[in-house]
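I'd like to walk you through a structure, and please stop me whenever a term is new to you.

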Amino acid sequence: MSPVQTMPPRGYHLSKDELGADILEVAMGPHHPSTHGVFRMDLKLDGETVVDLKPVFGYLHRNHEKIAEDISYPMSMPFTDRLDYLCGMTNNWAYALSAEKLIEIEVPERAEYLRVIVGELTRLVNHCLLIGFFINDLGALGTPLLYALREREKILDLFEVLSGARMMVNYIRFGGVRCDLPEGWLGECQRIVDAFPAFLDEYETLLTENEIIIARAQNVGVVTREEAIDFSLTGPMLRASGVNYDIRKVDRYGIYDRFDFKIPIGGHGDCYDRFMVRMLEMRESVKILKQAIRDLPDGNIMGKAPKIFRPAPGEAYGRIEAPKGELGFYLISDGTPIPYRFKVRPPSFVNLTALRHMCLGHKVADAVIILGSIDIVLGEVDR
Amino acid sequence: MSLLAKGILKGMAVTAKNFFQSYYRKERLPTVQYPEEKSTITPFTRNFPFLLYDGDDAVDGMRCTACTLCERACPPQCIYIIKDKDEKGKPILRPRIFDIDTSVCMSCQLCVEVCPYEAIRMDSAFELSNENRFEGLLINRGDLLKSNDYYHALNPVEARETDDRIAAKNALAEAKKKARQKKTRLAAAKAKRPPSRLKKSPPAREKPPQPEKSE
Amino acid sequence: MNNFFDLKLVELGRWIEAFFADFPSLKLVVHLLLCTLPLALSFMGAFAFTTWLERKGLARIQNRPGPNRVGIFGLLQPIADGIKMLIKEDIVPERSDKLFHFLAPIMLMIPALIGVGFLPLGDGLHALPLDSAIIFFFAISSLNTIAVFMAGWSSRNKYSLLGGMRAVAQMISYEIPLVLSAVAVIMIAGSLNAQEVVASQQISSWVGSGNILQEFFGRILGWNVFKPWGFAGFIFFFVAALAEANRSPFDLPEADSEIIAGHLTEYSGFKYAIFFMGEYISAFAIAGIGVTLFLGGWNGPVFSGLPWFVLKLFSLFAVMIWIRGTLPRLRVDQLMGYAWKFLFPLAILNIFLAGFYHFIERQWGTAIAMLAGWILGFGALQLAATALSRLNQSPIMRSKRVYQLVE
C-alpha cells in the first residue's frame, strides 16, 4: 500500500456520523486564484480544518506523450517547452540528454557549458518566481511576486536574445545547442548574474525573517525524511526534508562535476524549509553561473548528430535536476525515426502525490500554501 | 515576536525603499507603457514564419521550391503546401498554395532549420490581432512573401550570412554547371546532339540572387 | 487664532442656517443636513481618493506606475471605476437569500457613516457631539459584523460562508483589544466625550502661554502616542483596527488566495461598490477614532483643526497601505490566538500601566512619570510581550533555523 492510502488524517479522526453532519465539501478550483492553473482540490472541511482532500487534475491534458509517439524525435523538442512552461531550457535539456543516450552523440564542450548557463538561469527564473507565488499564496498582495517578475524579465530578455523566444525557447538540440551566443550576450549575462545576489539580499530581508511568514510556513505541511523518500519526492521538496539528493551531484550529467557548488539541506521538511532551500539554491546557482561564464571555452556548438535521427532499437532514460525536481524522459526506440514509447517523468506530478498527506489536519489556508510550496506547473502535471 | 516585530519592520523598510526608488531609479520602474512605447525587439525574436523572395517580383523571385520539407517537419502541422503547375499541367518548382495557420503555429522555428533553400524565416512582428479568427489567422502565400530587404531590416547579421551562404552555394552550382557544360560540350564535340534534359542543376529554378543588389 | 479654518466652517454653517431663522422646523432640517450631508459626501470623496492613493501607493511599492491613463496621474480613475461599477450587470445568485443579499451592503454602509459622525473633525466640527461618543462609536462600528455575515450567509456560496464565519470570529475578537486599548485613554482623559479626549491631549499650561515654542510643542507633545502607555496602546489599537477594518494582514474574510473574495464573492456591480465603500468608510472611521484617541485629534502646531485631522487620517491610511503592500496574512487560528493570547492580556496590562503612569504623574510630575513609564512600564510590556509570544509559539519555531550546505 502506498502511504497515501494508509496514512490517517493527522490530528483528526473521522467518525461516520461526523462525515454526514458538519462536513463542508468545497471544490477548490479549477477556477481559483491560487491553484496555480487549472487544478482542483476537493476539500472536506470541518470548520476550517481539512479532513480530506482529493486532488483532481487533467484539465490541461494535451496528449503530449502520445503525440510524441506519432512524430519524429526532433519534432518533439518544441513540445517539451510546453511541459513546464516556466523552465523551457531544462525541459529541452532533459529530452536532449535522453535522446543523446539513445544514439550516443558526443556533445561539444562549449555546448555543455551553454547548457549549464541556460539551465542555471532557468533555475533562477523558476525559484524566484515560485517564491513570489508562494508568498502570494500566503496572502501578500503581490509585492514579492512583482519583485521576482522584475528580475525574471531580465533573464527572459537574455533568453529572447539567445533563442528568439522568452519562454518557449526550443534552444537545445540533440548533440548541442541550436545557435551560438550573439555578440555581447555573455557580458550582459555576467552583469545580470553579478547583480543577482543583491536582489537575493533584498528578497531575503523582505521575507525570511518576517514573523508572519515564519508563523505561517513553519511546521506546516511537514514531510519527514522517510516519508519524502517513500513518496519518491525529488528536487527542493526532497532536500527540504533533509535528504541529500541532487542529480547534479548524483549523476554528474553534463559537466556538473567541474563546478564547485553545494546543496542546501533543510532539517524539518515544512513549507518554510522548502522556501528557504530554494532561496539558498539560487545562491548556489549564481555560483555555478559565475564559474561557467568564466570557463566558457571556444569551439563547436553542435556535435556530430545524424541528419535523420534514427536510433537503433533500444531504450534510454535521461534525467536532469530540473528546478522542480527530477525531470526524466524515457524513450524506447524500435529502429524507426519515431519513438515507440515516449514517457515523461515530471517532477511536479510526482511531488504532488504528497499533497493529501501534507494537508490533512491543517487549515484551508495551509492547504493553499502547501500546494504553493510543492511548486507545480499544470502543463507538466497534466501533460 | 516582541512588541515590535523586527522582521516585519525590516520588510517594511524594503518596501519603503522600493517605493521611493521607483521615482528616481529606472531599474525600479521597468514598466514599458505599451501602446505609446514599444519594448525593443531583438533581431532574434521569432514569432511566425514568412517566405523570402529575391528581386522585385514576389512570385518569380520566390525561393521556396515546394519541397514540403517544412510541412513534414512542422510539429503542429500548421503548414499546407500545394505545388504549382503551369498551363500544360507540368509541375513548376514553387508552391501554388502556401498557407500557415498562425492559430496553430507554435513558433518553434523547426521549419527554418529544415529548409535547404533558406526560403523560410521567422518574423518578429507581433501585433497580429485580427477580427476574423478563421481566415484572419490563416496567412496565405501572398501575405507570407516578404522581400529580402525586409529580412535585412529585420535581422541584418543573419540576413547577410544567409546571402553569403546562398552566394557560395550558387557559385558552387555555377562551377558544377560550367564543368558539366564543358563536359557536354566535349561530349557534343564527340556526338552531334547534347542530351538537353540532363542540363538541370539541383536548385534548378533558382535565379542567381545578387546579394550586393538586394542590400 | 490657529483653528481659523474650523471657525470659518462653523461660521459658514451658521450663516446658511440664518436664512431659515424664521422657520424653526425647516431650520432643524437644514441643521441636520448641514451636519450630515457634507460629512457623508466628503468621506465618500475621501474614499474615492483613497482608492486612487492605494492603487498608486501599492503600485509604486511593487515597482509599477499604477493607474495613469484616466486624467493626470490617473486621478480620475475612481470616477472611471465608479462608472464601470454602475453599468455592470448586477448578478444575484439564483438560490441566494435575495432580501439579505440586497440588504447586506446597505447594512454595512449605515453604521460606517454613523461612525464617521462621532469623529471630532475639528474644533466645533462634530456631527454627533455626544457625551458618550466613544462608547457609542464602538457600539455602532461593531454592527458591520452583522452585515458581513449577512452577505456571507445570503450568497449561498461556500467561500462566502467561510468568509462570513471568519469575519464574525475576527471582528468580535478584535473588538476587545480595540476597546481595551481605548479604555486607557478614556481613563486618563476622564471623559467619553471625543472633544474632551482631544482637548486632554494638549499641554494646557503651554498652549495659552503666548511663547511661540511652547505654543508649537504644546500641541504636539501632549499627544497620547508620546506617552509610554499611549504608544503601546496605539500599537494595540492600530493592530486591532486593521483587523476590525479587514485590512491586510488581517484581511482573512476576503482572503483572495484562499477563499476567492470571501463574503464579496457573489457581489458584483453597484452592490459590490457599496460594499467596498462601506468597508473603506468604516476603515476611515476606525482610523479617525485612532487619531482622536492617540494622535491628538485635530491638535497640531501652527493651525489646529480640520487640516491636521485630515492629514493624520491619510497618513494613518498610508501606513495601512504600506502594510498591505508588505505583509502576508495570518492564518485563522493564529489570528484568533493573536487577539486572545497576545493583544488581550497586553491591553489589560496597558491599562495598569496607564494607571501607574497617572499615579506617578500626580505624585512627582510629568518628567519622572515619563522616565518611569518608558523604562519600567514599557519594559514590563516588552517583557510580557516576549513571554507571551514565547508561550504561544510552538518550540519548533523558537530557534532560528540554520541550513547546512553539503557537497
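I'll go through confidence, then the chains, then the contacts between chains, and finish with a few details.

First, a word of caution: what you see is a predicted model. So how confident is the predictor in chain A? The mean pLDDT of chain A is 85, and 95% of its residues reach 70 or more. One stretch falls below that: over residues 1–8 of chain A, pLDDT stays under 50, and the model has 10 contacts beyond four places in sequence for those residues. Chain B averages a pLDDT of 79, with 87% of the residues scoring at least 70. Where pLDDT is low, the predicted coordinates should not be read in detail. Keep that in mind when you look at those two stretches.

Now to chain A. Chain A contains 17 helices and 9 strands. Its radius of gyration is 21 Å, close to the 21 Å that the globule rule gives for 383 residues, so chain A is as compact as a globular protein of that length. If you follow the C-alpha trace of chain A along its principal axes, it spans about 70 × 50 × 35 Å. Of the 383 residues of chain A, 56% count as buried. Contacts are worth a look too: of those in chain A with a separation of 6 or more, 72% are between residues 24 or more positions apart.

Let's do the same for chain C. Chain C has 17 helices and 3 strands. A compact globule of 407 residues would have a radius of gyration near 22 Å, and chain C has 23 Å, which agrees. The C-alpha trace of chain C spans about 80 × 65 × 40 Å along its principal axes. Of the 407 residues of chain C, 47% count as buried. Among contacts in chain C between residues at least 6 apart in sequence, 75% join residues at least 24 apart.

So where do the chains touch? Let me take chains A and C. How many residues does each of them bring to the contact? Chain C gives 33 residues and chain A gives 40. On the chain C side, several elements each supply at least two residues, among them α2 (24–61), α14 (306–326), α15 (332–364) and β3 (404–406). That side of chain C divides into 14 nonpolar, 9 polar and 10 charged residues.

Strand β6 (residues 263–265) of chain A pairs with β3(C) in the antiparallel sense, over 3 bridges. In this pairing, Pro264(A) stands opposite Leu405(C).

Chains B and C also meet. Their contact takes 15 residues from chain B and 15 residues from chain C. The side of chain B that touches chain C is made up of 8 nonpolar, 6 polar and 1 charged.

While we're on chain B, find helix α6 (residues 156–190). This helix has 35 residues and reaches 50 Å from its first C-alpha to its last, close to the 51 Å expected at 1.5 Å a residue. An α-helix has 3.6 residues a turn, so residues three or four places apart point the same way.

Strand β8 (residues 325–333) of chain A is mostly covered, with 7 of its 9 residues buried. β8(A) runs antiparallel to strand β7 (residues 314–322) of chain A, and 9 bridges join them. A hairpin of 2 residues leads from β7(A) to β8(A), and Glu321(A) stands opposite Glu326(A) in β8(A). β8(A) also pairs in the antiparallel sense with strand β9 (residues 341–345) of chain A, over 5 bridges. There, Phe329(A) stands opposite Val344(A) in β9(A).

One last residue, and then I'm done. Pro306(A) is found in the loop between α13 (271–295) and β7 of chain A. Why does Pro306(A) count as exposed? Because Pro306(A) has 11 other C-beta atoms within 10 Å, and the cut-off for exposed is 12 or fewer. Pro306(A) and Phe174(A) are 132 residues apart in sequence, and their C-alpha atoms are 9.3 Å apart in space.

Conventions:
Residues are numbered from 1 along each chain as its sequence is written. Chains are lettered from A and ligands numbered from 1 in the order in which they are written. This is a predicted model: local features need pLDDT of at least 70, side-chain atom pairs count only at pLDDT 80 or more; totals for chains, interfaces and linings use all residues. Helices (H or I, at least four residues) and strands (E, at least two) are DSSP runs, numbered from the N terminus. The radius of gyration is taken over C-alpha atoms; the globule rule is 2.2 Å times the number of residues to the power 0.38. A residue is buried if 20 or more other C-beta atoms lie within 10 Å of its own, exposed if 12 or fewer, and partly exposed in between; C-beta atoms are placed from the backbone. Two residues are in contact if their C-beta atoms, placed from the backbone, lie within 7 Å. Ala, Val, Leu, Ile, Met, Phe, Trp, Tyr, Cys and Pro count as nonpolar, Asp, Glu, Lys and Arg as charged, and the others, Gly among them, as polar. Two strands pair if DSSP finds at least two bridges between them. The expected span of a helix is 1.5 Å times one less than its number of residues. pLDDT is the predictor's confidence in each residue, from 0 to 100.
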